[in-house]
Amino acid sequence: TSFIFFTLDMRPKLKAEGIAGPNGALLGERWRALTAEEKRPYEKMATDARETYNREMVVYKANDRASGGGDKIRAFDGGDDLVQAKTNEKKEDTNAPKGFP
């Protein structure tokens with residue numbers, strides 16, 4: 001979101017002002033105090049980042065399908081019986097005192 005880009009920009013400035021530690025509340029206050037015009041560059045960064053992400057995801061998914069990666073994922077999580085069998089397995093606790101399960 002645009003707020004994330006604002007915080008990335010402001011954290012070094014807060015540090016330069018000598019403000020250290022958790023400062024989410026202060027950043028929130030400063031964000032709310034900005035005018036729409038002052039927020040615009042951060043909103044543009046967020047829009048650009050979202051567009052870049054969407055373009056890269058299309059390429060990633062196309063490459064994943066072409067390489068068969070999607071089938072591997074479906075094969076892995078497609079078997080409820082396998083998941084249930086693993087859940088029901090009991091492992092011996094080698095750190096437990098003798099006589100304890």
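I began with the order of elements: along the sequence the chain reads α-α-α-α-α. My tally of the secondary structure is five helices and zero strands, where helices (H or I, at least four residues) and strands (E, at least two) are DSSP runs numbered from the N terminus.

Housekeeping, before I forget: this is a predicted model, in which local features need pLDDT of at least 70 and side-chain atom pairs count only at pLDDT 80 or more, while totals for chains, interfaces and linings use all residues. Residues are numbered from 1 along each chain as its sequence is written, and side-chain values use heavy atoms, with hydrogens and water left out.

Next I checked confidence. The mean pLDDT (the predictor's confidence in each residue, from 0 to 100) is 78 for the chain, and 66% of its residues reach 70 or more. Over residues 71-89 the pLDDT is below 50, and this stretch has zero contacts in the model beyond near neighbours in sequence; contact means heavy atoms within 4.5 Å. A note to myself: where pLDDT is low, the predicted coordinates should not be read in detail.

Then I looked at burial. Of the 101 residues, 15% count as buried, meaning under 20% relative accessible area, with exposed being over 50% and partly exposed in between (1.4 Å probe, protein chains only).

Which residues of helix α2 are buried? I found Leu27, Gly28 and Trp31 in this helix of residues 24-33. Seen down the axis of α2, they fall within an arc of 100°, so they line one face of the helix; the arc is that of the directions from the helix axis to the C-beta atoms. On the other side of α2, Ala25 and Ala33 are exposed. The cover over the buried residues of α2 includes α1 (2-16) and α3 (36-67).

I followed Ser2 as well, which sits in helix α1. Ser2 is buried, at a relative accessible area of 15%. Leaving aside residues up to four places away in sequence, Ser2 touches Trp31, Tyr42, Glu43 and Ala46.

Last, I looked at α1 against α3. Their axes (lines fitted to C-alpha atoms over the stretch in contact) lie 7 Å apart, at an angle of about 115°, on a scale from 0 to 180 degrees between N-to-C directions. Ser2, Phe5, Phe6 and Asp9 of α1 meet Tyr42, Glu43, Met45, Ala46 and Ala49 of α3.
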